[in-house]
Amino acid sequence: MKLVFSTGNLNKANEIKSMLPEDTELLTLKDLDLEDDIPETAPTLEGNAKLKAKYVVEHYNIDCFADDTGLEVYCLNNEPGVISARYAGEQKSSEDNIKLLLSRLIEKNDRRARFRTVIALHLDGNLHTFEGIVEGKIIHEKRGEKGFGYDPIFVPDGYDITFAEMSLNEKNMISHRAKAFAKMIEFLNAL
Ligand code: IMP
């Protein structure tokens, strides 16, 4: 089976390659010579994941999946959510995003949040979606050097260290993305 992962992020692609059924040939946007990101203009994570997968199916006629992730902070009506990457502006700076989020949480007691990943899979003319969630809380200042994005301020439930203080392996065991991908892999393996 030939499957495109609609992403320009080769780390994400390598992570999932080894988990796919053996007869799956995984391509990325780079293999299709699509260097620019597909615009993520939908108002929801589901919408963006579908949009990125659909683009490839329509233009290249190859089955495809795409993921979209957001950090949802409960007391901020699930902000930053779908705009997590560009919360503080189009420069897409994690540093700026974290500063803005911490400033919005000053004096808030309820700091519960979750990361949510949605995967849209177009396969043989059908659309399937898979969701992965990790619950946790936002701490008051950054801790840890690993990871990316909001990792230094997110402590998952059941832990007292941030995602940025965990090894990549440890994070991958419990992360939102890992859970969503595991669901899709289970589905593909059962075909
Ligand atoms: P994407 O949909 O995977 O590109 O994620 C969108 C944005 O959400 C990223 O630019 C990050 O700011 C944030 N994000 C996604 N996944 C993670 C994660 O595992 N840790 C921290 N931030 C993340």
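Figure 1. D33 is exposed, with a relative accessible area of 65%. The structure shown in this and the following views is a predicted model. D33 sits in the loop that runs between β2 (25-28) and α2 (45-60). Its phi is near 60°, a positive value in a residue other than glycine. Most residues other than glycine have a negative phi.

**Figure 2. E107, in the loop between α3 and β5.** E107 is not a glycine, yet its phi is positive, at about 70°. The residue counts as exposed, because its relative accessibility is 77% and the cut-off for exposed is over 50%.

**Figure 3. The cis peptide bond between E79 and P80.** Omega of this bond is about -5°. P80 belongs to strand β4, which covers residues 79-80. P80 is also in contact with Y150, a pair counted with sequence neighbours within four places left aside. Most peptide bonds are trans.

Figure 4. Five elements each supply at least two lining residues: α1 (10-17), β3 (64-73), α3 (94-104), α4 (168-174) and α5 (176-189). Of the elements, β3 gives the most, with five residues. Sorted by class, the lining holds 12 nonpolar, 16 polar and 13 charged residues.

**Figure 5. The largest nonpolar core.** This core has 20 residues. The residues with the most contacts inside it are L71, V73, L101, I138, Y150, I153 and F154. At least two core residues come from each of β3, α3, β5 (112-123), β6 (126-138) and β7 (154-156). The element that gives the most to this core is α3, with three residues. Apart from this core lies another, of 16 residues, among them I119, F130, A180 and F181. In soluble globular proteins, nonpolar side chains tend to be buried together.

**Figure 6. Surroundings of Y150 and N97.** Y150 is among the residues with the most contacts inside the largest nonpolar core. With neighbours within four places in sequence left aside, Y150 is in contact with L71, P80, S84, Y87, N97, I98, L101 and F115. One of these partners, N97, lies in helix α3. N97 counts as buried, because its relative accessibility is 4% and buried means under 20%. Under the same exclusion of sequence neighbours, the contacts of N97 are S84, A85, R86, Y87, A88 and Y150.

**Figure 7. T162, a buried residue in a loop.** T162 is found between β7 and α4, in the loop that joins them. At 0% relative accessibility, T162 counts as buried. Leaving aside neighbours within four places in sequence, T162 is in contact with I139, R143, D151, P152, F154 and V155. F154 is one of the residues with the most contacts inside the largest nonpolar core.

**Figure 8. Cysteines C64 and C75.** C64 is buried, with a relative accessible area of 0%. C75 counts as partly exposed, because its relative accessibility is 25%, which falls between the cut-offs of 20% and 50%. A search of the whole structure finds zero disulfides. A disulfide is a covalent bond between the sulfur atoms of two cysteines.

**Figure 9. Two C-alpha pairs, I83 with E145 and E22 with M1.** I83 is found in the loop between β4 and α3 and counts as partly exposed, at 31% relative accessibility. I83 and E145 are 62 residues apart in sequence, and their C-alpha atoms are 23 Å apart in space. E22 is found in the loop between α1 and β2 and counts as exposed, at 85% relative accessibility. From E22 to M1 the separation is 21 residues in sequence and 9.2 Å in space, C-alpha to C-alpha.

Terms used
Residues numbered from 1 in each chain as written. Predicted model: local features only at pLDDT ≥ 70, side-chain atom pairs only at ≥ 80, totals over all residues. Heavy atoms only, no water. Helix = DSSP H or I, 4+ residues; strand = E, 2+ residues; numbered from the N terminus. Nonpolar A, V, L, I, M, F, W, Y, C, P; charged D, E, K, R; others polar. Core = buried A, V, L, I, M, F, W, Y, C linked by side-chain atoms within 4.5 Å. Buried < 20%, exposed > 50% of the residue type's maximum accessible area, 1.4 Å probe, protein only. Contact = heavy atoms within 4.5 Å. Disulfide = S-S within 2.5 Å.
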